[in-house]
2 protein chains.
Amino acid sequence: MPYRAPVDEIRFVLDNVVGFDRVAATETFTEATAETVDAILTEAGKMTNEVLAPLNRQGDLHPARLENGVVRTSPGFKEGFEAIAEGGWLGMSADPEHGGMGLPITLTMAVNEMIGSACLAIQLNPLMTQGQIEALEAHASDEIRDLYIPKLISGEWTGTMNLTEPQAGSDVGALRTKAEPNGDGTYAVTGQKIYISWGDHDMAENICHLVLARLPDAGPGTKGISLFMVPKKLPDENGNAGVANDLKVVSLEHKLGLHGSPTAVMQYDGAKGWLVGEPHRGMAAMFTMMNNARLGVGVQGLSIAEAAMQHAIGYATDRRQGRTEAENGSILEHADVRRMVLDMKARTFAVRALCLDCAVALDMAKATGDASWAARGAFLTPIAKAFGTDVGIAVASEGIQVHGGMGFVEETGAAQYLRDVRVTAIYEGTNGIQAMDLVGRKLMDGGAAAFAILDEVDQADHEGLRAAGAELRTLTEWMLERPMQDRFAGSVAYLAAFARILGAHYHLRAAEADASRAPLARFAAGRLLPEALAEMAKARTGADELYALSSEEIAA
Amino acid sequence: MPYRAPVDEIRFVLDNVVGFDRVAATETFTEATAETVDAILTEAGKMTNEVLAPLNRQGDLHPARLENGVVRTSPGFKEGFEAIAEGGWLGMSADPEHGGMGLPITLTMAVNEMIGSACLAIQLNPLMTQGQIEALEAHASDEIRDLYIPKLISGEWTGTMNLTEPQAGSDVGALRTKAEPNGDGTYAVTGQKIYISWGDHDMAENICHLVLARLPDAGPGTKGISLFMVPKKLPDENGNAGVANDLKVVSLEHKLGLHGSPTAVMQYDGAKGWLVGEPHRGMAAMFTMMNNARLGVGVQGLSIAEAAMQHAIGYATDRRQGRTEAENGSILEHADVRRMVLDMKARTFAVRALCLDCAVALDMAKATGDASWAARGAFLTPIAKAFGTDVGIAVASEGIQVHGGMGFVEETGAAQYLRDVRVTAIYEGTNGIQAMDLVGRKLMDGGAAAFAILDEVDQADHEGLRAAGAELRTLTEWMLERPMQDRFAGSVAYLAAFARILGAHYHLRAAEADASRAPLARFAAGRLLPEALAEMAKARTGADELYALSSEEIAA
């Protein structure tokens, strides 16, 4: 069953659950009229259904490969990427000054969802490129912005993020890549970076690497890190891709999934780079890129949840097996298949609403400059990333189960969703890192952002939800009083509980707007709320319990 | 990090958690002395560590393949299987009359666990062969038993189960394969069977297919099904593998995992077969084979949980990253990595205890003839199968997460565990089917078996566990009063709750026997019990809620 972009469903969530009309009512986003939104979703949906979805299995079967130092992408990917670029989807939210459309990030996320459902491997490239555009808009000099951003928007060039090194993963501060001044305002960048998504490919004429490295006078840890633009080909005097820079792809990873997306080990040998932002302030600049990429990765989880759900429902509707009460006799009539499918539907809805709610907050922050919107967006981002990807994994696995034995056979396609989505819980900060961010940095406001959200939950016309929300408020207060190690010990469970309570909240909002959604909302609340209570119990574990056994005892 | 068989841990569970001494005290199993158990576990562990574990990645990288109608297995698999056969591990629990050792099924499961951890793909062959031996012991004529069982025990021949057809999966009653009398007491079997694990290979000289088919006078549904022995090569007058039978491998599946285990589409074209058991009673005979195979598949989940856990702990111990309080500074010191590793440890322990508890009940039933032991074993079997495999999947996925980015890279080995174990929730009856069995057939005793187990839980020295047990008793009573559709609607959650309460129960027993286990037991109870409460809330969903949306509305 081919993927069909859920244009109406996205529209419903925008209009009835996350209050997108508030974004459209701002001066910044006056162009995001109802007609424009319709046109965008319809047009993007057409492309994903017709052009991109057929590439998904191609990428899986014919992975990107390294040949004589150059990466060759999967069959059709070049044309697929061109379609994305020509549709203007790369620069939807970029500044019109450089050729962008200046549309809300909410719409970019909606379109990204559809592209990711159709072909997650290819979608990772736009996601990186969009993040780079944002980082450059926020931190780069006018010269770099004027040179790079138009080409990133047009898709002539694409972007990458270079953080990780073999000894520096979640602990970025341990990185060793060096940047030494060339004396002409440029720098010589030397070091090895790993896990570079779309680090090389043949779909664009240049690849722009944003690389974290240390200046000679840098201190240790994250405070001694600077950010550099290191293009694969050095721009010539006309700003076109010129001679090769001193960098190369060492190898590509052989991965569980996302075979169509080349993941490179990059070697920089005194490659020429330009400083982006202030010296030693690279982490701040990179965080701009990462924060929206984090929401983007949450949306990737949503993408796979939606695609896997459609795939499973298609199979369950067609497959006839056993005696059922209903006349059509498909396996969808069986209680447990129904339960699985409803579960997939309920969780997918919750994640979509969460991601779009987060995006609306980011747009409102940009449009109004109101710090409370920014705080809301910042608070929801790690939840959207972690819960979105956890749900993507869970729904993909449930999709395999709906297919029975067929689910384990690769030709069916259900297994690829699980293989592809598994990494989303790891990259852009593991989900454990997201949870630490939530109970650490995102509670540094004394819980203001959290409590503001819980105030909304408290208005819900549902006793169970209000009770769970009250419990979460108490837990948040408990977190605020505990030392950081205790918060960390319960962080994943705290995030999981928060996400589920929000999920139930969104479902109830949907049911209020459209009574035909009440059955799914009831089903969802009946699952998400008991799970939230269980997670809240776990969240109070405390560090002592984790460290009651020593590392040696654990490993014995 | 190479796999190390957890011999001491298995021994601890046998001695202190599941009361294996009761089995050893019966007349039937007088040979299962402490010394014998030690010798068996130690010897099997040596083989799994040294001979089988190195094959695991070979099987993944070099899948079994079909060449000119014959299946060629992965490098080293033939030698690996010979080691299993020569060790006597195929016929450990088989009747000594045919060359078996007559040892408790509990010990077979303990050894199977280690073999499966080392190389799950190869272990599936012994599991099928052991099931076939049991089915033949219980149902076949003396002639068939005398001919086949010794060769299955020696590993000269191996066994398969042939149930599924394209239109008949979970609904076995829909199968169409025919068996027509040849007039000489044999039958001509014609039809196609799919998902036949180890349906052909080059590790043994003959392959014995147990095939479900319909006699000409058979009624519809499962009551018209008979069981036939259809060997690949017809036994000659000396009982050796002779001329080829009229059957062939059509193709092998390209699967998510278990690449080393060939999964065949089998075609029978009037192949000669012998009736096993009574005409039209094939399902009963097949259930003998399936029931213990179901426990065996639960053990497969345990195998992967243990192997993935060891792998993750090895990585977390070696990997240094970030600042930690402790001196050694491995990532195992980080709160969230610890949480994941403890979670893996806690769940793996619970599943091992559950599987061995179930096996002890089966052994006691055999040794004592006591119907209450049989009922206990029958009740625990679907729980062990479903929870064991669910935990296998969850722990394998958590193992990937512990590895961070490395977890997504195939060379690391963490991803293979997830790919391999995923099918265990599907084959031998999907976990949904297990749950239906639990709330349907296994509650047909009015809840006697369930209540007997809950009586034990009620003796626990742990208030939270007793409270959860009481709640489960109430839920069981509720189930008994509800129509079957309501039971089915809540069946998966009911099973999940039962398993978690038992898991906490086993942990507390372990802590009573050995105080050094108290920290893990506390951690486990702090997770399993809240989860059980959540599952119990879901179990009361009722069918109305599942069918509030029509199939058309769901698929819209």
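Me: Buried or exposed: which are Glu535(B) and Lys538(B)?

Reply: Both Glu535(B) and Lys538(B) are buried. Keep in mind that this is a predicted model.

Me: How far apart are the side chains of Glu535(B) and Lys538(B), N to O?

Reply: They form a salt bridge at 3.4 Å, N to O. Glu535(B) and Lys538(B) sit three residues apart in helix 18 of chain B, so about one helical turn separates them.

Me: Which residue of chain A does Lys538(B) meet in a salt bridge?

Reply: That's Glu531(A), with 2.7 Å from N to O. Glu531(A) belongs to helix 18 (residues 518–539) of chain A and Lys538(B) to helix 18 (residues 518–539) of chain B, so this pair joins two chains. Glu531(A) counts as buried at 10% relative accessibility, and Lys538(B) is buried too, at 11%.

Me: Which residues are linked in a network of salt bridges with Glu531(A), Glu535(B) and Lys538(B)?

Reply: Asp343(A), Arg347(A) and Arg500(A) are linked with them in that network. Over all chains, the count comes to 60 salt bridges.

Me: What about Arg517(A) and Asp514(A): how far apart are they, N to O?

Reply: Their side chains meet in a salt bridge at 3.7 Å. Arg517(A) is buried, with a relative accessible area of 18%, while Asp514(A) is partly exposed at 26%.

Me: What rotation superposes chain A on chain B?

Reply: The general idea: a rotation about an axis and a shift along it relate two copies of a chain. Here the rotation is 180° with 0.0 Å of shift, and the RMSD is 0.0 Å. That's how a two-fold axis relates copies. The same surface serves both copies, as 100% of the contact residues of chain A recur in chain B.

Me: Which residue of chain A comes closest to the rotation axis?

Reply: Ala534(A), whose C-alpha is at 3.1 Å.

Terms used
Residues numbered from 1 in each chain as written. Chains lettered and ligands numbered in written order. Predicted model: local features only at pLDDT ≥ 70, side-chain atom pairs only at ≥ 80, totals over all residues. Heavy atoms only, no water. Least-squares fit on C-alpha atoms with pLDDT ≥ 70 in both. Contact = heavy atoms within 4.5 Å. Salt bridge = Lys/Arg side-chain N within 4 Å of Asp/Glu carboxyl O. Buried < 20%, exposed > 50% of the residue type's maximum accessible area, 1.4 Å probe, protein only. Helix = DSSP H or I, 4+ residues; strand = E, 2+ residues; numbered from the N terminus.
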